[in-house]
Amino acid sequence: MMESRQRRNLSRLLVPAVLAGSTLCLGCGPISFAGASPMAIAGDPPPPPEPEPEPKRVEVRDNKIVIHEKIQFEFNKAIIKEDSFSLLAEIAQVIKDHPHIKKIQIEGHASAEGSDSYNLKLSDKRAKAVRKHLVDTGGINGDMLTALGFGETKPIGSNDTEEGREKNRRVEFNITEQEVTSKKVEVDPATGQEKVVEEGTQTQKAEGQS
């Protein structure tokens with residue numbers, strides 16, 4: 001009786017099933033069927049998807065160097081926090097990687113908290129602190145950088161909310177002079193191919209720059 005029960009249990013695990021004239025077996029791996037004949041599938045599985053690239057913190061857009069992370073300062077001071085040193089190193093590298101950029105104005109901005117004169121002075125000191133760091137640590141030529149504070153005169157958010165005030169406390173990098181390459185292209189009527197017939201570089205200055 002015991003032996004009969006063991007055989008029944010074993011048959012549930014090992015006995016192949018016959019379906020539509022094809023044999024299935026355990027442990028055989030992937031199998032494809034051509035008619036009644038099994039055929040093993042060869043090949044490697046597809047590679048895993050490429051990881052998403054990390055978003056850039058610094059990029060050049062037209063006449064600006066846009067930073068997607070704020071430069072942090074100590075409270076009510078023009079001392080840059082160490083947390084922002086890597087961001088400033090990235091800004092310096094982007095400037096070096098774009099030699100067509102000739103001059104940049106670093107602008108400091110503040111929220112409406114405090115007096116107008118205090119905010120103007122603090123934003124100016126912070127802009128100059130960023131310039132000094134880019135020159136001394138980032139290796140940027142000081143002749144291409146100017147620094148100026150605007151206080152609370154150019155808000156980008158509402159000063160009635162903390163979120164808006166936080167947006168207004170910022171440093172911006174405006175490109176005031178850069179070289180722009182222009183090309184004149186003609187199309188060969190016989191071949192339809194484009195041909196550059198004139199190419200030149202001119203200096204483009206921001207409005208209000210002499």
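The following legends describe close-up views of a predicted model.

Residues are numbered from 1 along each chain as its sequence is written. Local features require pLDDT of at least 70 and side-chain atom pairs pLDDT 80 or more, whereas totals for chains, interfaces and linings use all residues; side-chain values rest on heavy atoms, without hydrogens or water.

**View 1. Overall arrangement of the protein chain.** The chain holds 4 helices and 10 strands, where helices (H or I, at least four residues) and strands (E, at least two) are DSSP runs numbered from the N terminus. In order from the N terminus, the elements run α-β-β-β-β-β-β-α-β-α-β-α-β-β. Of the 210 residues, 25% are buried; buried denotes under 20% relative accessible area, exposed over 50%, and partly exposed the range in between (1.4 Å probe, protein chains only). Among contacts (heavy atoms within 4.5 Å) between residues at least 6 apart in sequence, 60% join residues at least 24 apart.

**View 2. Confidence along the chain.** The mean pLDDT, the predictor's confidence in each residue from 0 to 100, is 83 for the protein chain, and 76% of its residues reach 70 or more. Over residues 13-24, pLDDT stays under 50, and the model has 14 contacts beyond four places in sequence for this segment. Where pLDDT is low, predicted coordinates should not be read in detail.

**View 3. The largest nonpolar core.** A nonpolar core is a set of buried Ala, Val, Leu, Ile, Met, Phe, Trp, Tyr and Cys residues joined through side-chain atoms within 4.5 Å. The largest one comprises 26 residues, of which Ile71, Ile91, Ile106, Val130, Leu134 and Phe173 touch the most other members. Two or more residues each come from strand 6 (64-67), helix 2 (85-97), strand 7 (101-109), helix 3 (116-136), strand 8 (145-149) and strand 9 (170-187). Helix 2 supplies the largest share, 6 residues. Beyond its neighbours within four places in sequence, Val130 contacts Ile71, Phe73, Ile80, Leu88, Ile106, Val171 and Phe173.

**View 4. The β-α-β unit of strand 7, helix 3 and strand 8.** These three elements form a right-handed unit: with the strands pointing away from the viewer, the path from the first strand over the helix to the second runs clockwise. Strands 7 and 8 pair in the parallel sense over 5 bridges, pairing being assigned if DSSP finds at least two bridges between two strands. Gly108 stands opposite Gly149 of strand 8. In strand 7, 7 of the 9 residues are buried. Helix 3, with 21 residues, spans 30 Å from its first C-alpha to its last, close to the expected 30 Å; the expected span is 1.5 Å times one less than the number of residues. Buried positions in helix 3 include Asn119, Asp124, Arg126, Val130, His133 and Leu134.

View 5. Asn76 is found in the loop between strand 6 and helix 2. Its C-alpha atom is separated by 7.6 Å from that of Leu122, 46 residues apart along the chain. Leaving aside neighbours within four places in sequence, Asn76 contacts Tyr118, Leu122 and Arg126.

View 6. Most residues other than glycine have a negative phi. Asp62, in the loop between strand 5 (58-61) and strand 6, has a positive phi of about 55 degrees. Phi of Asn76 is likewise positive, near 55 degrees. Asp62 is exposed, with a relative accessible area of 68%, while Asn76 is partly exposed at 41%.
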